[in-house]
Amino acid sequence: MRVLHGMREVAGQAYYSVKGLRRQGCRADLILWDPSPFGYPVDKCLNIDFANKKKYPWYVIKLGCNFISSLFKYDVFHFHFGHSLLPFGIDLPVLKLFRKKIICEFHGDDVRNPQFIKKFYKYVDFEIYMGSQDAKVLKERRSKRVKYIMKYADHVVLHDDELVSHVKAEGLTAISVVPLRLDVNSITPCYPENTNEKRINIVHAPSGNGKGTKWFLEAMEKLSQKHNINLILIRNLPQQEAFKEYMKADIIFDQITVGTYGVFAIEAMAMGKPVITYISEDMKKKLPKDLPIVSATPDSLYGVLESLILDSELRNHLGKQGRQYACKYHDCGNNAAVLKAIYEGKENGLTGEAAFNQVVRKV
């Protein structure tokens with residue numbers, strides 16, 4: 001089985017999927033339009049800058065050559081973030097004509113309906129999330145793109161149940177949850193010291209759509225007046241440099257908006273760090289019961305942070321539980337076995353609960 005992952009990288013999910021598939025005996029490659037800003041390895045990069053219109057004629061040649069070579073080289077095309085080999089998905093009908101298997105994986109803001117966000121995501125700062133975008137226009141654009149993709153996709157992959165409601169109404173394509181992937185064995189854990197006789201490092205990686213950073217910074221300002229703490233903010237660093245900063249952490253704050261956890265939280269757990277992330281009541285029912293993440297809301301964040309600052313034993317214990325959880329549910333090799341089953345037509349749809357149970361059985 002020859003598998004292509006592309007054409008955009010999202011938090012290493014394409015890279016880790018390819019790495020896991022190779023462990024499963026698949027011939028898998030990662031091809032990107034442009035390099036990942038976080039430095040994930042890639043088998044082939046076309047180095048296309050869509051903002052550079054002067055080079056469009058050259059880009060058309062590069063895209064066309066890659067399309068033709070890929071068409072005859074690969075059996076399965078696994079696309080990320082709503083993109084395919086060619087812009088606007090114009091290659092999808094051709095791939096179907098040649099009876100290629102098309103898998104589309106959505107990751108979050110490539111598919112989230114802004115109206116759902118405003119109605120059901122109660123801690124999202126909607127103004128920050130939308131920026132200068134018009135919610136109605138963005139909803140229509142995303143809906144149109146998802147409908148078009150699902151017209152041709154054999155299977156849609158999501159990383160947990162949080163996104164299911166955003167794509168379920170758009171088509172009848174099979175949908176499967178495949179938990180987020182990480183090469184946990186490449187990360188050596190560094191658990192928080194079981195002592196309060198030191199300055200406590202608290203790490204956060206802000207992003208443009210909020211994450212609840214403003215509430216976190218407000219809580220940190222108040223806590224710094226009472227406790228010996230050090231704030232480390234990580235912005236736009238390559239993965240390996242960012243990892244060095246994460247390793248210094250005694251506590252890692254992820255986000256308090258979406259209601260589930262992402263790659264950053266898994267990386268932190270794999271490093272043996274206690275993680276604070278808002279997990280909604282709905283998602284608590286759908287995620288594994290042994291999830292060790294400490295859930296917080298804007299109202300409870302100050303108290304949650306303070307309890308971890310004061311309790312070194314709890315920090316150490318949660319760090320060890322987090323490492324076990326990441327290894328149990330997010331190893332790229334085990335999770336790629338589920339991807340392989342999807343490619344082979346052995347899975348017709350997996351709920352989050354079934355998917356998490358299945359990757360454990362692959363251990």
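Analyst: What follows takes the labels one by one. This is a predicted model, in which local features need pLDDT of at least 70 and side-chain atom pairs count only at pLDDT 80 or more, while totals for chains, interfaces and linings use all residues. Residues are numbered from 1 along each chain as its sequence is written, and side-chain values use heavy atoms, with hydrogens and water left out.

User: What makes α12 roughly perpendicular to α13?

Analyst: The axes of helix α12 (residues 301-310) and helix α13 (residues 312-329) cross at roughly 100° and come within 5 Å. That angle makes α12 roughly perpendicular to α13. The classes are roughly parallel under 35 degrees, roughly antiparallel over 145, roughly perpendicular from 65 to 115, and oblique for the rest. Axes are lines fitted to C-alpha atoms, for helices over the stretch in contact, and angles run from 0 to 180 degrees between N-to-C directions. Helices (H or I, at least four residues) and strands (E, at least two) are DSSP runs, numbered from the N terminus.

User: Which residues of α12 and α13 meet?

Analyst: From α12 they are L308, I309 and L310, and from α13 they are S312, L314, R315 and L318. Contact means heavy atoms within 4.5 Å. By class, this contact of α12 with α13 has five nonpolar residues, one polar and one charged. Ala, Val, Leu, Ile, Met, Phe, Trp, Tyr, Cys and Pro count as nonpolar, Asp, Glu, Lys and Arg as charged, and the others, Gly among them, as polar.

User: Which residues of α12 are buried, and what covers them?

Analyst: L301, V304, L305, E306, L308 and I309 are buried. Buried means under 20% relative accessible area, exposed over 50%, and partly exposed in between (1.4 Å probe, protein chains only). Their cover includes β8 (200-204), α8, β9 (229-233), β10 (251-259), β11 and α13.

User: Why are α1 and α14 described as roughly perpendicular?

Analyst: Their axes are 8 Å apart and the packing angle is about 80°, so α1 and α14 are roughly perpendicular to each other. Y16, S17, G20, L21 and R23 of α1 meet C332, G333, A336, L339, K340 and Y343 of α14. The contact of α1 with α14 divides into six nonpolar, three polar and two charged residues.

User: What is meant by a nonpolar core, and which residues of the largest one touch the most other members?

Analyst: A nonpolar core is a set of buried Ala, Val, Leu, Ile, Met, Phe, Trp, Tyr and Cys residues joined through side-chain atoms within 4.5 Å. The largest has 57 residues, and L21, Y246, Y261 and I293 touch the most other members. Elements giving two or more residues to this core include α1 (13-23), β2 (27-32), α10 (263-270) and α14 (332-343). The most come from α10, with seven residues. Leaving aside neighbours within four places in sequence, I293 is in contact with Y261, A265, M269, V275, T277 and I279.

User: How do you know that D154 and K96 form a salt bridge?

Analyst: The closest N and O atoms of D154 and K96 are 2.9 Å apart. A salt bridge is a side-chain nitrogen of Lys or Arg within 4 Å of a carboxyl oxygen of Asp or Glu, and the D154 and K96 pair forms one. D154 lies in the loop between α6 (135-152) and β6 (155-158) and K96 in helix α3 (residues 92-97), 58 residues apart. D154 is partly exposed at 29% relative accessible area, and K96 is partly exposed at 30%.

User: Why is the D125 and K214 pair said to tie together separate parts of the chain?

Analyst: D125 is in the loop between α4 (114-120) and α5 (126-130) and K214 is in helix α8 (residues 213-223), so the pair joins parts that are 89 residues apart in sequence. Their side chains meet in a salt bridge at 2.9 Å, N to O. D125 counts as partly exposed at 22% relative accessibility, as does K214 at 39%.

User: What makes the bond from G6 to M7 cis?

Analyst: Omega for this peptide bond is near -5°, and the bond is cis. M7 lies in the loop between β1 (2-6) and α1.
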